[in-house]
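Here is a short report on one protein chain. Look over the sequence and the model first, then read on.

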Amino acid sequence: MKQKGVWLDFPENVPDDDEAVLIRRKGMGNYWEAAVYNGFHQCWDDAEGDDIMYDLDAVDKFMLIPDIE
């Protein structure tokens with residue numbers, strides 16, 4: 001099970017299809033943004049999951065978003 005709230009290396013780890021995560025693009029330092037993993041189309045979609053943002057190889061780390069209690 002992948003731990004939430006921890007930066008995970010991509011593609012060694014992969015989110016579930018259609019899962020909203022935070023991503024860091026290669027070479028972007030501490031800059032992150034919300035995205036949705038799209039395994040079917042092999043890309044990162046926008047936060048709503050309906051527009052392609054980046055190719056998979058543009059991202060080097062992702063974080064599963066912790067649950068809000």
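This is a predicted model: local features need pLDDT of at least 70, side-chain atom pairs count only at pLDDT 80 or more; totals for chains, interfaces and linings use all residues.

## Surface and overall size

Residues are numbered from 1 along each chain as its sequence is written, and side-chain values use heavy atoms, with hydrogens and water left out.

The C-alpha trace spans about 30 × 25 × 20 Å along its principal axes. The radius of gyration of the protein chain is 11 Å, which agrees with the value near 11 Å for a compact globule of 69 residues. That radius is taken over C-alpha atoms, and the globule rule is 2.2 Å times the number of residues to the power 0.38. Buried residues (under 20% relative accessible area) make up 32% of the 69 residues.

## The sheet

The protein chain has 0 helices and 6 strands. Helices (H or I, at least four residues) and strands (E, at least two) are DSSP runs, numbered from the N terminus. The 6 strands form an open sheet in the order β1-β6-β2-β3-β4-β5, with antiparallel pairing. Two strands pair if DSSP finds at least two bridges between them. The edge strands are β1 (7–9) and β5, each pairing on one side only. Neighbouring strands are turned by 45° against each other on average, direction ignored; the axes are lines fitted to C-alpha atoms.

## Around Asp-45

Strand β3 (residues 33–38) joins β4 through 3 bridges, running antiparallel. Here Val-36 stands opposite Asp-45. Strand β4 (residues 43–45) also pairs with β5 (residues 52–55), again over 3 antiparallel bridges. On that side, Asp-45 stands opposite Ile-52. The hairpin of β4 and β5 has 6 residues between the strands, and Gly-49 takes a positive phi near 80° there.

## Asp-60

Asp-60 lies in strand β6 (residues 59–64). Is Asp-60 buried or exposed? Asp-60 counts as buried because its relative accessible area is 19%.

The side chains of Asp-60 and Arg-24 are joined by a polar contact of 2.7 Å. Such a contact is a pair of N or O atoms within 3.5 Å; within protein, one must be able to donate a hydrogen and the other to accept it, and residues adjacent in sequence count only if both atoms are side-chain atoms. Asp-60 also touches (heavy atoms within 4.5 Å) residues including Leu-8, Phe-10 and Lys-26, not counting those up to four places away in sequence.

Conventions
Buried means under 20% relative accessible area, exposed over 50%, partly exposed in between (1.4 Å probe, protein chains only). Axes are lines fitted to C-alpha atoms, for helices over the stretch in contact, and angles run from 0 to 180 degrees between N-to-C directions.
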